[in-house]
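I open this notebook to record what I looked up in the structure shown here.

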Amino acid sequence: MSTATAAVARPGQVLADLLPASRTKDIALVLGGAALTGIAAQIAVPVPGSPVPVTGQTFAALLVGTALGARRGFLALAVYALAGMAGMPWFAEGGSGFSMPSFGYVVGLLLASAAVGALARRGDDRSVWRTARAFLIGEALVYAVGVPYLALSTGMSLTAAIAAGLTPFLIGDVLKAALAMGALPAAWKLAGK
């Protein structure tokens, strides 16, 4: 086994750990993760009957958490959330602030990025099925915060919030998990070469 492969296979690593360690690298990764999430949030498709659009935001946030690990992933999403709350128009559809009905999903992204980052440290980003499981857990956390927030902020019943803020997104979530199932284990294989 080569030295590079041994380093890649070491337990407790995430993809970002394969880069030389430095505080500058960590800051750049956190800021880059926040920017990637903000850019991906601009890929938005309105959903009829829902104040929540389909975006690339969740996929980006889960990739950031998985690639950077729990701490850096959480910090990246915290920068994203704080900048958006301060008025930077990089939430879905160029939104900002915390009074919008979809803000609960942004809070859920913080938790999800940390969770998938922790799972990645356990190796859950190195095989197809474990990657899918990690992404589905992350998406469930986003909904666990986002749907109740949607209900409270709009006055919808929980049933109506589920119909408007969860059900229309399930097929897309399966597709996001499928993309991750291919991309992350492939990244590890490439890193090992």
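I looked up Met-85 and found the residue in helix 4 (residues 70-85); helices are DSSP runs of H or I with at least four residues, numbered from the N terminus. The model is predicted, local features need pLDDT of at least 70, side-chain atom pairs count only at pLDDT 80 or more, and totals for chains, interfaces and linings use all residues. Residues are numbered from 1 along each chain as its sequence is written, and side-chain values use heavy atoms, with hydrogens and water left out.

I noted that Met-85 is partly exposed because its relative accessibility is 32% (buried is under 20% relative accessible area, exposed over 50%, partly exposed in between, with a 1.4 Å probe and protein chains only).

I next looked up salt bridges (a side-chain nitrogen of Lys or Arg within 4 Å of a carboxyl oxygen of Asp or Glu). I found nine in the structure.

I recorded one between Arg-121 and Asp-17, at 2.5 Å from N to O. This pair links distant parts of the chain, 104 residues apart: Arg-121 is in helix 5, and Asp-17 is in the loop between helix 1 (3-8) and helix 2 (23-41). Arg-121 is partly exposed at 31%, and Asp-17 is partly exposed at 24%.

I recorded another between Lys-176 and Asp-173, whose closest N and O atoms are 3.6 Å apart. Both residues lie in helix 8, three residues apart, about one turn of the helix. Lys-176 counts as buried at 15%, as does Asp-173 at 6%.

Technical notes: Helix = DSSP H or I, 4+ residues; strand = E, 2+ residues; numbered from the N terminus.
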